Amino acid sequence: TIVNPDLFRWQTWPEDGLSPEYVVRGGSAEKAEGEKAEAAAKPEDFTGWAVRRGLVAGEPVTKKRLLEPGKAGFLAGVLGPGMRAVSIGINAETGAAGFILPGDRVDVVLTQQIRQTDGEDNNRDKVISETVIDDVRVLAVDQTFNDIEEQTRVGKTITMELSPKQAEGLAVAKRMGRISLSLRSLVRDAKVEM
C-alpha cells in the first residue's frame, strides 16, 4: 500500500508503553533530559511511502514499518507477492496523453502488421490490434510513485505490476509490434467490455 495521510489517526497511548520508535505528536516518545526536541512527525511526512509489512488498525506506526520512496527496496515492497515490476517506453500517443497515473489500471495493446498472401503475386499487408494483457496496475510513471498529487504529464516510461507469465508475454509482444496502453475506467461494465 502507498501511504496517504487519510490512512492515519492519532490515538492516546499509555506513557509507559511508548517506544522511542513510535510516531508521537510533538516529537519522539522519549527524550533524555536537556536533549533538544526533534521535529514532530506528522502523517503528511509519510505521504508516498510504502508499507513494508501489513499493519493492523490501531497499531502504532514506526518508520521501520514503512519504505521511503527512492530508497533501496521501495519498489519491491510495493509489489504484490510473486509479482514483477516491468517498464515500457511510452509517448503521448501510446500512453493516453499523460493521463495514466500511479495506481491506475491499464490494458496492454499490441498492434502489428501482418503480410497476407492470396496467391502468387497477391500480397497485401493487414494491420491488427489485440489486447495481450488486461487489467494491470501502474506502479510508477517515470520514477514517480506518488498517486496523491494527480498532475497530468507525459512520461517516457511506465512501470506496471505483472505476473511472471505476463512479463514474458510483454517481452515477446514488444518484439512483435507496437505496444500502447489503454486506461481502464474505474467503473466496470460487462456489456461494453465483451
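Guide: Lys165 counts as exposed, at 63% relative accessibility. Here, exposed means over 50% relative accessible area, buried means under 20%, and partly exposed lies in between, as computed with a 1.4 Å probe on protein chains only. The model is predicted, so local features need pLDDT of at least 70 and side-chain atom pairs count only at pLDDT 80 or more, whereas totals for chains, interfaces and linings use all residues. Residues are numbered from 1 along each chain as its sequence is written, and side-chain values use heavy atoms, with hydrogens and water left out.

Lys165 forms a salt bridge with Glu168, and the closest N and O atoms of this pair are 3.5 Å apart. A salt bridge is a side-chain nitrogen of Lys or Arg within 4 Å of a carboxyl oxygen of Asp or Glu. Side chains of opposite charge can pair when their charged atoms come close. Lys165 and Glu168 are 3 residues apart in helix H2 (residues 164-176), so about one helical turn separates them. Helices (H or I, at least four residues) and strands (E, at least two) are DSSP runs, numbered from the N terminus. Glu168 is partly exposed, with a relative accessible area of 45%.

Asp135 is partly exposed, its relative accessible area being 24%, while Arg184 is buried at 15%. The backbone at Asp135 also deserves attention: its phi is near 55°, a positive value in a residue other than glycine. The strand that holds Asp135, E5, covers residues 123-141.

A further pair also involves strand E5. Glu161 forms a salt bridge with Arg137, and their closest N and O atoms are 3.1 Å apart. This pair links distant parts of the chain, for Glu161 is in strand E6 (residues 157-162) and Arg137 is in strand E5, 24 residues apart. Glu161 is buried, with a relative accessible area of 11%, whereas Arg137 is partly exposed at 23%. In total, the structure holds 5 salt bridges.
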